Amino acid sequence: GQDVVNDFDPSAESQDVLNISTSLFADWDSLLRATERRGSDLIITSSTNDTITLKNVTSFTSACVHFYT
């Protein structure tokens, strides 16, 4: 699907976390390779038809991501 997150806050004070299945991205490096900045947004693409758009987010750290199996 084409998911859009309008209020994701990647700051250290925030408790916002992306829960990512390891079936989509095995690790942090593979997630970063699939992430691109478009204007003021980050787009994470797992396949041609599957994206996550983080609106008004220009960067995030591994602390914002939880990988699960």
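Predicted model: local features only at pLDDT ≥ 70, side-chain atom pairs only at ≥ 80, totals over all residues.
Let's start with the overall layout. The chain has one helix and six strands. The C-alpha atoms fill a box of roughly 30 × 25 × 20 Å along the principal axes.

Now for how the chain meets itself. Take the contacts with a separation of 6 or more: 53% of them join residues 24 or more positions apart. As for cover, 30% of the 69 residues count as buried.

Next, head inside. The largest nonpolar core holds 13 residues, and Leu18, Ile44, Leu54 and Phe60 touch the most other members. The elements that give two or more residues to this core are β2, residues 18–21, and β4, residues 41–47.

Leaving aside residues up to four places away in sequence, Leu54 touches Val5, Phe8, Leu18, Ser40, Asp41, Leu42, Ile44 and Phe60. Asp7 also comes into view from here: its C-alpha atom is 7.9 Å from that of Leu54, although the two are 47 residues apart along the chain. Asp7 sits in the loop between β1, residues 2–5, and β2. Its relative accessible area is 64%, which is over the 50% cut-off, so Asp7 counts as exposed.

Is Thr53 buried or exposed? Thr53 is buried, because its relative accessible area is 12% and the cut-off is under 20%. Again not counting residues up to four places away, Thr53 touches Asp3, Val4 and Val5, along with Asp41, Leu42 and Ile43. Thr35 is 18 residues from Thr53 along the chain, and their C-alpha atoms are separated by 9.5 Å.

Carry on past β5 and you come to Asn56, in the loop between β5 and β6, residues 65–68. Asn56 counts as exposed, because its relative accessibility is 60%. Its backbone deserves a look as well: phi of Asn56 is near 55°, a positive value in a residue other than glycine. Most residues other than glycine have a negative phi.

The last stop is Asp27, in the loop between β2 and α1, residues 28–33. Asp27 is partly exposed, because its relative accessible area is 36%, between the cut-offs of 20% and 50%. Asp27 pairs up in space with a position well along the sequence: His66 is 39 residues away in the chain, yet the two are 9.7 Å apart, C-alpha to C-alpha.

Terms used:
Residues numbered from 1 in each chain as written. Heavy atoms only, no water. Helix = DSSP H or I, 4+ residues; strand = E, 2+ residues; numbered from the N terminus. Buried < 20%, exposed > 50% of the residue type's maximum accessible area, 1.4 Å probe, protein only. Contact = heavy atoms within 4.5 Å. Core = buried A, V, L, I, M, F, W, Y, C linked by side-chain atoms within 4.5 Å.
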